[in-house]
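Colleague: Could we go through this model together? I would like to begin with the strands and then move on to the helices.

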Amino acid sequence: MGIKIHSNESTKKLIKALIAKNREPHSIVITGERGQGKKALAGYIAASLLCEKQSGEPCGECKSCRMIDAGVHPDFIRLSANENGNYKVDVIREAVSDAVIKPNESRFKVYLIPDLDRSVNTSTQVQNILLKLIEEPPEHCVIILTARTKEIFLETVLSRVLCLNTVFCSDDEVREYLSNINADGEYTDEQIDNAVRFSCGNIGRSVEFLEDEAVGKAVEIAKGCADAVCKGSEYDFLKAVFSADGKKALFRRVIELLREAVRDACVLRLGLDATIGCMPDESARLSQKLSIDTCRQIYEQLGDYIVRVDSNANLVLTMNSFASVFFK
Ligand SMILES: [Zn+2]
């Protein structure tokens with residue numbers, strides 16, 4: 001796990017200030033979209049707390065920082081869920097009893113419990129077990145929980161933790177990150193440009209774009225579909241859809257992208273500057289073509305189509321009827 005993170009400047013300042021005043025938070029909740037760097041932020045905070053230089057941010061050079069970077073620091077303990085994302089209550093109980101024991105190397109012992117929202121079966125139990133630790137933490141203990149949204153947390157937990165949210169990166173920050181991982185020139189400038197555009201400020205998305213060819217293909221198909229809608233050509237639309245070639249995961253991704261584009265078209269129609277999708281040109285053109293009500297209807301219908309694909313409905317039939325969402 002790296003200890004350098006992008007963006008999140010205000011959080012970095014806050015952590016630094018708290019450490020400078022010896023007011024280190026003992027329980028932290030980090031929320032943010034998938035791929036937006038929740039675990040990276042947790043690693044950064046752990047490194048800030050454990051760094052030998054105690055300057056409020058990781059120096060990156062001391063033994064502690066290097067151990068965190070290599071994922072081997074004995075006082076940065078990351079708990080794991082089972083393959084379904086659920087945490088076993090025994091694992092959490094064990095961590096709670098371990099937490100009272102003094103750290104091995106550093107001033108603190110930091111426990112990271114990532115993706116608690118995925119622990120559908122045991123999320124509440126986990127929080128109840130942790131509650132005592134959150135209410136009366138030992139001096140040396142810090143717990144960091146992450147989840148996509150705050151909603152999954154108990155009020156009693158939320159009222160006692162420092163809540164942080166990961167923020168979107170600028171295009172330049174995403175580009176800088178990608179240049180670092182592309183030191184050996186594996187990807188072309190054009191691929192990097194496209195990945196930056198696709199990221200919408202989410203580094204995880206940009207990496208997914210580069211590493212998974214299907215993502216680029218999905219963007220191409222979704223753009224073809226949006227273009228056909230703008231031109232009013234049902235034939236071109238079907239041609240684009242069927243170039244997904246019966247691949248379910250690819251088709252699902254196309255629907256998701258179109259859903260984002262339609263959402264953005266609606267937002268643009270409302271005169272708001274809050275687009276999130278990776279097809280800004282297509283969204284702008286769709287916003288000229290579709291009314292707010294139509295956008296809303298299409299957005300909902302696209303959600304239904306995702307459910308249909310997930311429930312293993314016949315793919316060819318689903319693809320065939322898909323045009324009816326846009327062409328009445
Ligand atoms: Zn250090």
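Colleague: In which sense do β3 and β4 pair, parallel or antiparallel, and over how many bridges?
Modeller: This is a predicted model. In it, β3 and strand β4 (residues 141–147) pair in the parallel sense over five bridges. Within β4, L145 is the bridge partner of I113.

Colleague: Which helix makes a β-α-β unit with β3 and β4, and what is its handedness?
Modeller: Helix α5 (residues 123–135) makes that unit with β3 and β4, and the unit is right-handed.

Colleague: How many bridges join β2 to β3?
Modeller: Three bridges join strand β2 (residues 76–78) to β3, and these strands run parallel. I77 stands opposite Y111 in β3. With helix α4 (residues 89–98), β2 and β3 also make a right-handed β-α-β unit.

Colleague: How many residues of β3 are buried?
Modeller: Five of the five residues of β3 (residues 109–113) are buried, so the strand is largely enclosed by the rest of the structure.

Colleague: Which residues lie on each side of β3?
Modeller: In a regular strand the side chains alternate between the two faces of the sheet. For β3, K109, Y111 and I113 are on one side, V110 and L112 are on the other, and all are buried, which leaves both faces covered.

Colleague: Turning to the overall layout, what does the domain assignment give?
Modeller: The assignment gives domain 1 (9–165), domain 2 (170–211) and domain 3 (213–325). The C-alpha centres of domain 1 and domain 3 lie 39 Å apart. The C-alpha trace of the protein spans about 70 × 40 × 35 Å along its principal axes, and the secondary structure comes to 15 helices and five strands.

Colleague: Which residues touch the most other members of the largest nonpolar core?
Modeller: That core has 44 residues, and A222, C225, A226, V254, L258, A261 and V262 touch the most other members. Among the elements that give two or more residues to this core are α7 (171–181), α10 (213–231) and α14 (292–310). The most comes from α12, with nine residues.

Colleague: Why does this core lie between domain 2 and domain 3?
Modeller: Domain 2 (170–211) and domain 3 (213–325) both give residues to the core, so it lies between them.

Colleague: What does L258 touch?
Modeller: L258 touches A222, C225, A226 and L302, not counting residues up to four places away in sequence. There is also a second, separate core of 39 residues, which includes F76, L112, C141 and I144.

Colleague: What span should α12 have, and how far apart are its end C-alpha atoms?
Modeller: At 1.5 Å a residue, the 22 residues of α12 should span 32 Å, and the end C-alpha atoms are 31 Å apart, which agrees. Just after α12, G271 takes a positive phi of about 75°.

Colleague: Which residues does N202 touch?
Modeller: Not counting residues up to four places away in sequence, N202 touches E33, G35, Q36 and F168. The C-alpha atoms of N202 and R34 are separated by 8.5 Å, and these residues are 168 residues apart along the chain.

Technical notes. Residues numbered from 1 in each chain as written. Predicted model: local features only at pLDDT ≥ 70, side-chain atom pairs only at ≥ 80, totals over all residues. Buried ≥ 20, exposed ≤ 12 C-beta atoms within 10 Å, placed from the backbone. Helix = DSSP H or I, 4+ residues; strand = E, 2+ residues; numbered from the N terminus. Pairing = 2+ DSSP bridges. Right-handed = clockwise from strand over helix to strand, strands pointing away. Core = buried A, V, L, I, M, F, W, Y, C linked by C-beta atoms within 7 Å. Domains from an automatic or database assignment. Contact = placed C-beta atoms within 7 Å. Expected span 1.5 Å × (residues − 1).
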